[in-house]
Amino acid sequence: AGDAARNADGELAIGGIPVSELQRQYGTPLFVMSENDFRARARAFSDAFNDAFADICGGVDVYYAGKSFLCTAVVRWVEEEGLRLDTASGGELAVAYRAGIPGADVALHGNNKSDGEIHRALDMGLGRIVVDSLDELARVGAIAQGRGEQAKVMLRLTPGVHAHTHEFIATAHEDQKFGLSMAADTTDEAGISASEEAVAAATAHPGIELLGLHCHIGSQIFEPDGFALAAEKLLRFLAAMQEKYSITLPELDLGGGYGIAYTPEDTPRPAAEIANAMAAVVRSTCAELGIDAPRISIEPGRAIVGSTTFTLYEVGTLKTVRVDAPGTSGDGDAGDNVTYPRRYVSVDGGMSDNARPVLYDADYSAVLASRTSNAAPQLSRVVGKHCESGDIVVRDVYLPEDVAAGDLLAVPGTGAYCWALSSNYNYLARPGVVAVRDGSSRLIVRGETEEDLLNRDMGA
Ligand code: LLP
């Protein structure tokens with residue numbers, strides 16, 4: 001993954017550049033992203049879905065979810081590979097604007113868009129604003145009408161599909177902040193759902209052009225069933241609304257959430273398999289309902305950028321402790337007598353550049369990158385340098401026994417939601433992102449300096 005291979009002398013090279021060279025030039029920690037790999041994954045994903053849906057709706061519009069990782073260089077790649085862009089805030093829109101992507105190819109999400117963000121979306125002529133609530137629908141409608149315009153709107157619904165993923169990244173069940181409920185409102189005499197109310201209101205509003213419906217069931221999902229079930233539910237609702245209100249809803253967005261492998265135990269299904277499973281359900285449901293299939297779109301983030309990137313860290317302090325073996329009482333009593341060594345390998349970053357282990361219990365792996373070693377593998381825990389014991393980069397990984405201070409470790413699969421979620425905890429400067437391609441490298445996001453951090457402190 002990530003366009004990496006070992007040199008003749010055993011050093012890892014990413015995009016053709018030895019890691020020691022990358023460290024010399026840019027320092028560590030460092031995100032190293034393969035441009036070729038990004039483009040290939042964007043194309044592969046887009047091709048898989050376009051093939052699967054070609055005979056149903058002429059293909060699929062793929063919106064890269066910028067929340068996973070966004071900068072102007074990436075917007076350029078996305079555009080050049082024929083994808084569109086999904087944003088989730090005014091800040092992400094600002095990146096899109098600076099990159100020069102046409103507004104028509106951009107979508108805006110968010111459950112609490114500010115008036116300023118809505119104006120910005122209209123200023124940029126956005127292809128779609130995904131409206132999250134009845135409240136927001138009224139606001140978007142009023143703002144657009146006030147400008148003498150029509151906002152192009154998709155309605156985000158919660159189909160009530162339970163995706164098997166971490167609770168905080170599962171988003172289609174009822175009891176959470178996103179989206180319009182599809183359940184009948186029992187407090188309302190007509191028993192009309194918030195989703196239906198929104199369709200009726202959007203259709204009647206002079207400031208709104210209702211394009212269609214949207215859902216997103218969660219993230220890091222491996223099996224296609226949840227996506228297929230959500231598609232079916234939305235199609236049934238779409239058909240009912242078309243019939244009841246004599247309208248056409250030409251578009252249906254099925255969101256993102258396609259999982260990737262972080263460790264060898266992870267077994268995501270290939271994009272083609274997911275696309276085919278979804279297409280089969282869309283095909284049969286539309287046939288059953290006797291409707292023309294709407295134009296389908298999707299919003300993958302992680303599946304495109306996640307595996308394109310390594311984080312490079314330099315090893316510092318090492319220590320070994322003895323821990324209770326699995327199956328023993330775990331109370332640390334000498335009486336158990338079954339212990340094994342675990343080595344703590346500290347690196348020069350941590351939860352400030354990868355919050356996912358501490359937020360979601362996420363697993364990663366790591367390899368010794370600056371050289372190979374024939375030393376025996378030793379159970380190791382890679383930890384960061386933050387003042388927090390949960391600051392773990394890789395919980396359990398076998399690294400050669402002779403790993404020492406100054407060695408470089410590479411953690412694969414850090415392209416999505418790592419830089420994007422990075423922080424300045426403990427006044428660490430956020431790392432830069434380097435794009436590598438065919439033996440050359442360039443900084444696409446520069447790392448912060450201590451001066452950047454101090455500049456915001458207004459003084460005593
Ligand atoms: N569309 C919508 C409406 C979304 O909310 C998201 C992700 C995506 C698309 C893209 O999902 P993806 O294909 O990347 O799974 N920080 C968490 C993930 C949060 C996902 C938020 N929404 C993590 O690191 O696992």
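Q: Which helices each supply at least two residues of the shell around the ligand?
A: In this predicted model, the two helices α10 (302-305) and α11 (356-360) each contribute at least two residues to the shell around the ligand.

Q: And which residues come nearest to the ligand?
A: There are 22 residues around the ligand, and of these A65, S219, G256, G301 and Y417 come nearest.

Q: What kinds of residues make up that shell, nonpolar, polar or charged?
A: The shell around the ligand divides into eight nonpolar, nine polar and five charged residues.

Q: Which domains does the shell draw on?
A: At least three residues of the shell come from domain 1 (4-34 + 307-455), and at least three come from domain 2 (35-306).

Q: Switching to K67, what does UniProt place there?
A: An unreviewed UniProt entry places the feature "modified residue: N6-(pyridoxal phosphate)lysine" at K67.

Q: Where is K67 found, and is it buried or exposed?
A: K67 sits in the loop between β5 (60-65) and α3 (72-80), and K67 is buried because 22 other C-beta atoms lie within 10 Å, where 20 or more are needed to count as buried.

Q: What does K67 touch, leaving out residues up to four places away in sequence?
A: With those left out, K67 touches A88, E92, G301 and A420, and G301 is also one of the residues that come nearest to the ligand.

Q: How many helices and strands are in the whole protein?
A: The protein has 12 helices and 21 strands. Its radius of gyration is 24 Å, close to the 23 Å that the globule rule gives for 460 residues, so the protein is as compact as a globular protein of that length.

Technical notes:
Residues numbered from 1 in each chain as written. Predicted model: local features only at pLDDT ≥ 70, side-chain atom pairs only at ≥ 80, totals over all residues. Helix = DSSP H or I, 4+ residues; strand = E, 2+ residues; numbered from the N terminus. Rg over C-alpha atoms; globule rule 2.2 N^0.38 Å. Near = placed C-beta within 6 Å. Nonpolar A, V, L, I, M, F, W, Y, C, P; charged D, E, K, R; others polar. Domains from an automatic or database assignment. UniProt positions renumbered as here; feature names shortened; annotations may be inferred. Buried ≥ 20, exposed ≤ 12 C-beta atoms within 10 Å, placed from the backbone. Contact = placed C-beta atoms within 7 Å.
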